[in-house]
Amino acid sequence: MTPLWSFYERLLPGRLVWPAVTLTYMIAILLLLLFARVPVEQIIYIDLN
């Protein structure tokens, strides 16, 4: 059980805890993917020819 799970367990009925935790993690991953920027200088291109 994570602290997030405990937090939602205090606020929500039992059957809503699992969907709330899942939705929170999905939103966090989506935000990381959308706003994480990889500098162009760090991208390595390997020519296989």
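**View 1. Met26 and the helix that holds it.** In this predicted model, Met26 has its place in helix α2, which comprises residues 14-35. The protein as a whole has two helices and zero strands.

**View 2. The buried side of helix α2.** Within α2, the residues Val17, Ala20 and Val21 are buried. These residues cover an arc of only 100° around the axis, so they lie on the same side of α2. An α-helix has 3.6 residues a turn, and therefore residues three or four places apart point the same way. On the other side of α2, by contrast, Arg15, Trp18, Ile29, Leu33 and Leu34 are exposed.

**View 3. A nonpolar patch on the surface.** Leu23, Met26, Ile27, Leu30, Leu31, Leu34 and Phe35 form this patch, and together they have about 710 Å² of accessible area. The protein exposes about 4,900 Å², and carbon and sulfur atoms supply 70% of that area. Of the 49 residues in the protein, buried residues make up 8%.

**View 4. The aromatic rings of Phe7 and Tyr8.** With ring centres required to lie within 6.5 Å of each other, the count comes to two aromatic pairs. In the pair formed by Phe7 and Tyr8, the ring centres are 5.6 Å apart and the planes stand at 50°, so this pair is tilted. Phe7 is partly exposed, with a relative accessible area of 40%, whereas Tyr8 is buried, with a relative accessible area of 17%.

Key:
Residues numbered from 1 in each chain as written. Predicted model: local features only at pLDDT ≥ 70, side-chain atom pairs only at ≥ 80, totals over all residues. Heavy atoms only, no water. Phe/Tyr/Trp six-rings, centres within 6.5 Å; stacked < 30°, edge-to-face > 60°. Buried < 20%, exposed > 50% of the residue type's maximum accessible area, 1.4 Å probe, protein only. Helix = DSSP H or I, 4+ residues; strand = E, 2+ residues; numbered from the N terminus. Areas by Shrake-Rupley, 256 points an atom, 1.4 Å probe, with all protein chains shown as cover. Patch = residues over 30% accessible without salt bridge, like charges linked within 9 Å, V, L, I, M, F, W, Y side chains within 5 Å. Salt bridge = Lys/Arg side-chain N within 4 Å of Asp/Glu carboxyl O. Arc of directions from axis to C-beta.
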